[in-house]
Amino acid sequence: MAFSTVFLLAAAAATAPHDNMNATLWYQTSAEFRANSLQTYKMASLTIKEALTDRNWTALPTQTSDFQQLPPAIIVDIDETILDNSPAAAQAILEQDTGFNSKRWDNWVAAAKAKAVPGAVDFLNLAGKNGVTVLYISNRECAPRANSKDVCPQKADTLKNLQATGITQVDASQLWLKSEQQDWTSEKESRRLKAAQQYRVIMLVGDDFGDFLPQVKSKITPAKRFELVDRYQQYWGSRWFMLTNPTYGSWETILQQPKQQYLQGF
Ligand SMILES: [Mg+2]
């Protein structure tokens, strides 16, 4: 046996499969993921007309009065809702890197080459054509880089990336990134409340429960989150649209160690 073969076998034996491999493969290779995203965006697209016609239609439970005459808007998340960052996850697996690497992530953001999640661009362009403002409420964070005076180079990069996917009506004013303003934390509710002052928000689109409701991303149990999903039953599939993301999210970070305790056998 050649030395290199022995070496590779030894390396394979010594290395456990990366936690995120199946999830990332599902995201990158499965017809199932692609069909699921397309069906979600098709459903959202079919709903736009009704949402525009019905002036009492709002996707924000907090939007209860004096919103009927406001111009319509849709709030979308960016990562794994509009942009597919799975190459960053795949790269981490290839490099046997577990955990989040902020340098790799920033390099990926700077490259501005994420492809769109299937169905997203057609949906956004349909919204634009119908006079709906799209607000991108994202937890991409402003962080100056050594070689730049820009306080938020990530914003220009993200805008460039969104435009490169074929989204026709998007400018910097529509991108509301984390920490751009003092109270814009990873809890997105303050940004949704700001949107509600200016717009009738007809839809929310995201891949994390925190893209829809406040206080669901920490100090909460899976059972409590299920209860909240059910409480807002009438929103799903008409006002709220959830993309699938098995690779990361608050669904996972709320779990306590050891995570096996949540597995339910028969
Ligand atoms: Mg996201």
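Trainee: With which side chain does the side chain of Asp171 make a polar contact?

Mentor: In this predicted model, the partner is the side chain of Ser173, at 2.5 Å. The pair counts because a polar contact is two N or O atoms within 3.5 Å, where within protein one must be able to donate a hydrogen and the other to accept it, and where residues adjacent in sequence count only if both atoms are side-chain atoms. Numbering runs from 1 along each chain as its sequence is written, and side-chain values use heavy atoms, with hydrogens and water left out. As the model is predicted, local features need pLDDT of at least 70 and side-chain atom pairs count only at pLDDT 80 or more, whereas totals for chains, interfaces and linings use all residues.

Trainee: What makes Asp171 buried, exposed or partly exposed?

Mentor: Asp171, in the loop between H7 and strand S5 (175-178), has 37% relative accessibility and is therefore partly exposed, since buried means under 20% relative accessible area, exposed over 50%, and partly exposed in between (1.4 Å probe, protein chains only). Helices (H or I, at least four residues) and strands (E, at least two) are DSSP runs numbered from the N terminus.

Trainee: How do you know whether Ser30 is buried or exposed, and what does its side chain reach?

Mentor: Ser30 has a relative accessible area of 12%, so this residue is buried. Its place is the loop between helix H2 (21-29) and helix H3 (31-53), and from there the side chain of Ser30 reaches the backbone oxygen of Trp26 at 2.7 Å.

Trainee: What makes Asn101 a cap of H5?

Mentor: A side-chain oxygen of Asn101 lies 3.0 Å from the backbone nitrogen of Lys103, at the N-terminal end of H5. Within helix H5 (residues 102-111), Arg104, Asp106, Trp108 and Val109 are buried, and the buried residues of H5 pack against S2, helix H4 (86-94), strand S4 (133-141) and helix H7 (153-164), contact being heavy atoms within 4.5 Å.

Trainee: Why is the phi of Ala112 worth noting?

Mentor: Most residues other than glycine have a negative phi, and most peptide bonds are trans. A cis peptide bond joins Gln257 and Pro258, with omega about -10°.

Trainee: Where is confidence lowest?

Mentor: Confidence is lowest in helix H1 (residues 3-14), at a mean pLDDT of 51, on the predictor's scale of confidence in each residue from 0 to 100. Where pLDDT is low, the predicted coordinates should not be read in detail. The protein averages 94, and 94% of the residues score at least 70.
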